[in-house]
Amino acid sequence: MASVEIRSVDKYFGSVHVLHGVSIDIRDGEFVVLVGPSGCGKSTLLRMIAGLEEITKGEILIGGRVVNQVPPKDRDIAMVFQNYALYPHMTVRQNMAFSLKLAKAPQSMIDERVGRAAAILGLESLLDRYPRQLSGGQRQRVAMGRAIVRNPQVFLFDEPLSNLDAKLRVQMRTEIKELHQRLKTTAIYVTHDQIEAMTMADRIVVMQGGNIEQIGAPLELYDRPANLFVAGFIGSPAMNFIDATVRRDGSAPVAVTRDGTRLPLPAEAPVREGSEIVYGIRPEHLHLRTNGSALPAEVVVVEPTGAETLVVTQLAGMECKAVFRERHPLRPGERIPLEPQLDQVHLFDRVTGRRLQ
């Protein structure tokens with residue numbers, strides 16, 4: 001196991017600046033997820049850690065050693081790809097053992113490590129099959145087994161679940177998390193799926209446009225997003241955003257929308273009268289009230305999912321989503337009173353997008 005230090009790393013492809021001074025310290029044994037939309041630079045950064053892309057500027061250290069000029073085979077890392085990258089003419093056993101054979105490891109070590117990895121991943125009965133005889137999930141297990149037998153300092157995962165169906169993705173992300181808990185090896189995982197990031201990571205690195213927007217534990221990012229991008233990216237369904245201006249209602253501040261809707265603010269909200277803000281509230285923090293004193297909203301679409309019901313409404317002239325665990329008999333066109341949970345209101349500067357609290 002080893003720590004990974006990324007120090008002020010820049011990457012250019014020709015004149016295109018892809019990564020902008022990225023710095024991350026990943027602790028020994030930590031599971032860190034790089035997440036962000038397509039084109040944010042997360043896979044490029046992972047490939048630079050692996051040695052598959054050159055570093056334009058800055059340093060990457062693995063286990064305290066600068067690896068900028070160290071070839072991939074000497075970095076003591078193992079990478080699991082999106083497309084499995086298995087040799088079709090080799091059995092599962094041969095695929096898993098191949099890197100050790102190249103390293104001229106003794107056969108006893110190869111047998112021991114392949115057997116151990118197969119036991120961890122439930123592949124014992126599949127060792128003599130070929131990749132074409134396996135399901136997608138089994139192939140992904142073989143790819144992980146091939147990485148495990150190398151006993152690396154760092155595991156690198158590049159969107160390994162993207163080719164799997166929804167049910168299998170849920171199963172495999174649980175298995176990867178359990179695998180990490182068992183092996184306790186440093187892991188860096190790239191995905192565009194914020195649900196994968198939330199459920200698997202010790203810490204999440206949210207990236208956009210080659211920059212780091214925020215680093216933190218999953219619930220830290222969910223509860224206290226640093227800016228509008230993180231607030232909108234983390235959480236499903238996404239946070240509702242409503243443009244408003246701060247006014248005084250007696251001694252208490254309120255946020256007034258363009259159509260005159262008055263949104264309640266926490267008493268200690270750090271805002272000044274006249275401030276242009278974005279009022280954020282997550283769908284699960286909007287509650288249905290029967291007294292009619294809350295915010296007036298009109299039901300547009302009702303989407304029951306079983307455990308919860310997602311209701312899309314029009315509130316203050318904007319689309320606003322609410323999630324209810326109770327089974328309210330709501331119909332499109334119906335007007336309902338919604339009340340935001342004040343201790344869960346998020347306020348952002350409309351110009352900079354930064355969090356105000």
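Helix α3 (residues 107-121) packs against helix α5 (residues 166-183) at an angle of about 135 degrees, and their axes are 11 Å apart. Axes are lines fitted to C-alpha atoms, for helices over the stretch in contact, with angles from 0 to 180 degrees between N-to-C directions. Helices (H or I, at least four residues) and strands (E, at least two) are DSSP runs numbered from the N terminus. The angle makes α3 oblique to α5; under 35 degrees counts as roughly parallel, over 145 as roughly antiparallel, 65 to 115 as roughly perpendicular and the rest as oblique. The residues in contact (heavy atoms within 4.5 Å) are R116, I120 and L121 of α3 with L179, R182 and L183 of α5.

The model is predicted: local features need pLDDT of at least 70 and side-chain atom pairs pLDDT 80 or more, while totals for chains, interfaces and linings use all residues. Residues are numbered from 1 along each chain as its sequence is written, and side-chain values use heavy atoms, without hydrogens and water.

Helix α1 (residues 42-50) is largely enclosed by the rest of the structure, because seven of its nine residues are buried. Buried means under 20% relative accessible area, exposed over 50% and partly exposed in between (1.4 Å probe, protein chains only). Just after α1, G51 has a positive phi of about 90 degrees.

| Residue | Relative accessibility |
|---|---|
| C40 | 1% |
| C320 | 1% |

The count of disulfides (cysteine sulfur atoms paired within 2.5 Å) is zero.
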